[in-house]
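Please look over the sequence and the structure shown here before reading on.

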Amino acid sequence: MTSISYKPLSHSITILICAITEHKELIRGDKLVLRGLKFHGYHGVKQEERKLGQKFLIDVDAWMDLRAAGTSDHLSDTISYTAIYAIVKEVVEGPPKNLLESVAHLIASTILSRYSQISTVRVQVGKPHVAVHGPVDYLGVEIIRYRNADL
């Protein structure tokens, strides 16, 4: 959900945008955004999932202060999207997990452990090909992990 507040002062408008999770947690600030990452992996509890594998869809938000990078225009003042992409690829294409919750947790905890600049990470893991009776885009999990909380 996006919250937008307007403060009309003469002709200027101030816009505040923040993310509110379903648990009513407020996450503010800058973030790196990776959407629609697709990998083939062997996660799942069913034998055929572990033998044949399947496609997984991943979204990642990584909250960090991007002001220095915005001012300097230097990659050294931020974290490269490709570094986060590589972590997701390593986990999804790596050793199989039974649960999507484990896949998401490993992605989040790896990102937080490798990059101290990141304060919060949101990971969504989806399976587009699931055995349910009815049309779906995907089924999956979404987790949020904070640097100052136990992983």
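Predicted model: local features only at pLDDT ≥ 70, side-chain atom pairs only at ≥ 80, totals over all residues.

## Strand S5 and its two faces

Strand S5, which covers residues 120-127, is mostly covered, since 8 of its 8 residues are buried. In a regular strand the side chains alternate between the two faces of the sheet. In S5, Thr120, Arg122, Gln124 and Gly126 point one way, while Val121, Val123, Val125 and Lys127 point the other way, and all of these residues are buried.

## The partners of S5

Strand S4 (residues 54-63) runs antiparallel to S5, and the two are joined by 7 bridges. Within this pairing, Asp59 stands opposite Gln124 of S5.

Strand S6 (residues 139-146) also pairs with S5 in the antiparallel sense, and here the pairing extends over 8 bridges. Val125 is found opposite Val141, a residue of S6.

## The second largest pocket

The second largest pocket holds about 190 Å³ of space. Its lining is made up of Lys46, Glu48, Glu49, Leu52, Gly53, Gln54, Lys127, His129, Val130 and Ala131.

Which helix gives the most to the lining of the second largest pocket? Helix H1, spanning residues 47-52, does, with 3 residues.

Conventions:
Residues numbered from 1 in each chain as written. Heavy atoms only, no water. 1 Å grid on protein atoms, 1.4 Å probe; cavity = no way out; pocket = protein on both sides within 12 Å on 5 of 7 lines; lining within 4 Å. Points joined across faces, edges and corners; volume = space filled by probe spheres on them. Helix = DSSP H or I, 4+ residues; strand = E, 2+ residues; numbered from the N terminus. Buried < 20%, exposed > 50% of the residue type's maximum accessible area, 1.4 Å probe, protein only. Pairing = 2+ DSSP bridges.
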